[in-house]
Amino acid sequence: MSAPYGPMRAIDILDLYFIENRSRIMDIASFLDRIDRYEGADEAKADFRYQAFLQILDITRDTPRDRAKAVQVALSDPTTEPLDSALGMKAYGAWKGAAK
Amino acid sequence: MKAIDPHIHMISRTTDDYMRMTISGIHTVAEPAFWAGFDRASADCFRDYFHQLTVVEPARAARFGIKHYCWLGLNSKESENLTLADEVLAIIPEFIDRPNVLGFGEIGLNKNSKNEMAVLERQLAMAAARNDLVLVHTPHLEDKLKGTRMIMDMIRNEPRLDPSRVLIDHAEEHTIAEIKDRGFWFGMTLYPNSKGSPERAIDAVEIYGSERLCINSSGDWSVSDPLSILKCANEMRRRGHGEAAVNQVFYENPKSFMGQCPKFVAN
Ligand SMILES: [Zn+2]
């Protein structure tokens, strides 16, 4: 690895981050398996968050560049009008309005 | 190295945290007024909170050789209640001229509601009338993109506010470019396992440059790490960035932004 003695190359980035990101993919795969294994999997898989999760996996794989931004945008509320009230509202991490 | 944490909720941290921060090189911090993790019962609670931020906490920090500055305002999570908002905004003038207060913050939006917008608008007007600095909280998760745009539009509708005196915090991949393009400072917040990571923050430095960027821990009462800015600095270093560039991001930048307030002197 060239850093900290010089600029890194893409192969250095692969070298530095491969194992930890391999581990993150394993966490995601086992998260999906865990949902399958527990009672009520169909209900969970119909939830807007699960559907959004599948969508951002596709975006991560299929977007040629700026994947992080594309994932963020896919999870965002695309509307522009203010809410009438925030009472009892919370953030979920995916936009509920996207659910069909 | 020396570093400044421009956004950390020290009232939630222990003296052990102060000790670890000071021996690690964090000698200056700024604490925005925010939600306590529960809705407060009355404006009197805010009077106590503002006293804590302007008197108690700077004294506690000083015992560790750390300079403590703060920002005052009503956070967006408690802005839905307009009666409470009236009362809290009325007591801010009692505290805003205290020696460690840098300006209004963290004010902003949470769920992007009409009441949140009304309370933010009033606080922006108060800051503009005094020519104070502003630290903006943007919503989290799915509400961030919409809320960040709404906030920037509101600030641009207040011509007395100069974007170079406003920091839009909790920026992420989908909001940074729009914030920078409009001339604001932007903040990136490091959370151990929910939102921003050191790797992604340094990606942003590489993609967007370090100009007008402040990186913070937002260390508070929830899962957070008061040393995370130093871990992020180390991430920058291990990718081969030089010490001067690291120092620029983690010391000179927050010093430049907050130094626009004449009360601010970095340790
Ligand atoms: Zn905060």
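**Pro58 of chain B.** I looked up B:Pro58 and found it in helix H2 (residues 43–62) of chain B; helices here are DSSP runs of H or I with at least four residues, strands are runs of E with at least two, and both are numbered from the N terminus. The model is a predicted one, in which local features need pLDDT of at least 70, side-chain atom pairs count only at pLDDT 80 or more, and totals for chains, interfaces and linings use all residues. Residues are numbered from 1 along each chain as its sequence is written, chains are lettered from A and ligands numbered from 1 in the order in which they are written, and side-chain values use heavy atoms, with hydrogens and water left out.

B:Pro58 counts as buried because its relative accessibility is 16% (buried is under 20% relative accessible area, exposed over 50%, partly exposed in between, with a 1.4 Å probe and protein chains only). Leaving aside neighbours within four places in sequence, I list B:Gln52, B:Leu53, B:His68 and B:Asn100 as its contacts (contact means heavy atoms within 4.5 Å). From B:Pro58 to B:Ile11 I read 9.9 Å, C-alpha to C-alpha, across 47 residues of sequence.

**Asn110 of chain B.** I placed B:Asn110 in the loop that joins strand S4 (101–108) to helix H4 (114–130) of chain B. Its relative accessible area is 17%, so B:Asn110 is buried. Beyond four places in sequence, B:Asn110 is in contact with B:Ser76, B:Lys77, B:Glu116, B:Pro139 and B:Asp143.

**Helix H8 of chain B.** For residues 228–238 I noted the buried ones: B:Ser228, B:Ile229, B:Leu230, B:Cys232, B:Ala233, B:Glu235 and B:Met236. After H8(B) comes B:Gly240, with a positive phi near 100°.

B:His7 is buried at 1% relative accessibility, and B:His9 is buried at 5%.

**Cavities.** I searched the whole structure and got 2 cavities of 30 Å³ or more. The grid is 1 Å over the protein atoms alone; a cavity is a set of points where a 1.4 Å probe fits but cannot get out, a pocket is an open set with protein on both sides within 12 Å along at least five of seven lines, and lining residues have an atom within 4 Å of a point. Grid points are joined across faces, edges and corners, and a volume is the space filled by probe spheres set on the points.

The largest cavity holds about 70 Å³. Its lining includes B:His170, B:Glu172, B:Tyr191, B:Lys195 and B:Arg200. Strand S7 (185–189) and helix H7 (198–208) of chain B each give at least two residues to that lining.

The second largest cavity holds about 50 Å³.

**Second largest pocket.** Its volume is about 590 Å³. Of 25 lining residues, B:Trp35, B:His140, B:Tyr191, B:Lys195 and B:Trp221 are the closest to its centre. B:Tyr191 and B:Lys195 also line the largest cavity.
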